[in-house]
Amino acid sequence: MRGDTVICEKDNYQGTLNRFTRLGVKMIGVPLDGNGMRMDALEAALKDCKAHGVQPKMIYTIPTVQNPTATIMPEALRLEMIRLSEQYGAPIFEDDCYSDLIWDGKRPPAIYALSKSHNVIHCGSFSKSIAPALRVGFLVAPWSIMSRMLPLKTDAGSGALEQMVLAEYCAPHFATHVPALRKTLRGKVETLMEALNEQFGTAAEFEDPKGGIFLWVKLPDNVDSMKLYQAALKEGVAINPGPEWSTDKQHAGARLRLCFASPTKAQIRDGVAILAEVCRREFGVPTRIANVEKARA
Ligand SMILES: Cc1ncc(COP(=O)(O)O)c(C=O)c1O
């Protein structure tokens, strides 16, 4: 509801940020490290809310291949999040829509599965593993919560036909389709990382992701990714500018999210080359010398 407070990862899925904004919800963005949402910072945020008499309505998290950072929260930190959520009375919304897309297929247990206190809502989707156009996802929640959510449905729900098609496809194919998809995606991200290293040299910083469909890239501080987005779009290259993917616009000013799911490897290489040219023209980086140095290293 308008005026409610939600705690979430600072860098976050644009769709969620937009929805919270439209609803007039106050977002408290918690910084991340290589293991996802930082638990010390989450605890500080919860303490701060309590000190100000604010009860956060939920902790919204993407613990498995976080969008956009691609971090995976280890089991120990999931347990710590559960402990904090119970201590401060803030339920967890676990958005787990990328959990099928980890390269080695091994995922930590869902927060929902680890929790014993019935205060976790788990959300999954077939958009990433099968097809976004089907619009089929799912929620898993204790009945005490589900019974309160169901009356909020404003339509008759997901189409039955799409669910029947999905069921028919998944029974014989899901187990082989997903590993093949993961292999394709891994190949594409390797091409993307190689292209970035070749074209941007040391100017582009990123972690090798363990899964997913996107790479979160940091460029030098003088790059304004909103301007880069506009300029690159004119040349036919679409990027996600960092400020649209963060509760902290300034922190994300020089960051971009590059999605590698749809383009071919050739399109990825060409796109990165164009992006580097545009970035050089607009912001003077990457310099050509940096490229040569990195290529030689
Ligand atoms: C974290 C996250 N949650 C939800 C969604 C939306 O997925 P769906 O197509 O199932 O609505 C996305 C899509 O990009 C996402 O990244």
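Okay, two bits of housekeeping. Residues are numbered from 1 along each chain, the way its sequence is written. What you see is a predicted model, where local features need pLDDT of at least 70, side-chain atom pairs count only at pLDDT 80 or more, and totals for chains, interfaces and linings use all residues.

Let's start with the big picture. The protein chain splits into domain 1 (5–152) and domain 2 (177–296), with the bounds coming from an automatic or database domain assignment. Taken over C-alpha atoms, the domain centres sit 26 Å apart. Where the domains touch, 22 residues from domain 1 and 22 residues from domain 2 take part; two residues are in contact here if their C-beta atoms, placed from the backbone, lie within 7 Å.

Which elements of domain 1 supply at least two residues each to the side that touches domain 2? Those are helix 1 (14–23) and strand 2 (26–30). When I say helix or strand, I mean DSSP runs numbered from the N terminus: H or I with at least four residues for helices, E with at least two for strands. That side of domain 1 divides into 10 nonpolar, eight polar and four charged residues. For those classes, Ala, Val, Leu, Ile, Met, Phe, Trp, Tyr, Cys and Pro count as nonpolar, Asp, Glu, Lys and Arg as charged, and the others, Gly among them, as polar.

Of its 10 residues, the number buried is zero, so helix 1 lies largely in the open. Buried means that 20 or more other C-beta atoms lie within 10 Å of the residue's own; exposed means 12 or fewer, partly exposed is in between, and the C-beta atoms are placed from the backbone. Just after helix 1 comes Gly-24, with a positive phi of about 75 degrees.

Now the ligand. Around it you'll find Tyr-13, Gly-15, Ile-62, Asn-67, Asp-95, Cys-97, Ser-125, Ser-127, Pro-132 and Gly-137. To be on that list, a residue needs its C-beta atom, placed from the backbone, within 6 Å of the molecule. By class, the shell has four nonpolar, five polar and one charged residues.

Strand 6 (residues 92–95) runs parallel to strand 7 (residues 120–125), joined by four bridges; two strands pair if DSSP finds at least two bridges between them. In that pairing, Phe-93 stands opposite Ile-121 in strand 7. Strand 7 also pairs with strand 8 (residues 137–140), this time antiparallel, over four bridges. And here Ser-125 stands opposite Gly-137 in strand 8, and both of them are in the ligand's surroundings.

Asn-67 is another ligand neighbour, and the peptide bond from Asn-67 to Pro-68 is cis, with omega near 15 degrees. Pro-68 is in the loop between strand 5 (58–61) and helix 3 (75–88). Ala-70 is placed in the loop between strand 5 and helix 3 too, and has a positive phi near 65 degrees even though it isn't a glycine. Is Ala-70 buried or exposed? It has 26 C-beta neighbours inside 10 Å, so it counts as buried.

His-118 is another non-glycine with a positive phi, about 60 degrees. It's in the loop between helix 4 (111–114) and strand 7. With 12 C-beta neighbours inside 10 Å, His-118 counts as exposed.

In helix 7 (residues 225–234), Ser-225, Leu-228 and Ala-232 are buried. Why do they line one face of the helix? Down the axis, the buried residues fall within an arc of 50 degrees, so they line one face; the arc is that of the directions from the helix axis to the C-beta atoms. The face turned away carries the exposed residues Leu-233 and Lys-234. Covering the buried residues are, among others, strand 10 (240–241), strand 11 (255–259) and helix 8 (265–283).

Two of those strands belong to an open, antiparallel sheet of three strands, in the order 9-11-10. Strand 9 (214–218) and strand 10 stand at the edges with a single partner strand each, so one side of each has no neighbour in the sheet. Strand 9 and strand 11 pair over five bridges, and the partner of Phe-214 is Cys-259 in strand 11.

Pro-286 is in the loop between helix 8 and helix 9 (288–296).
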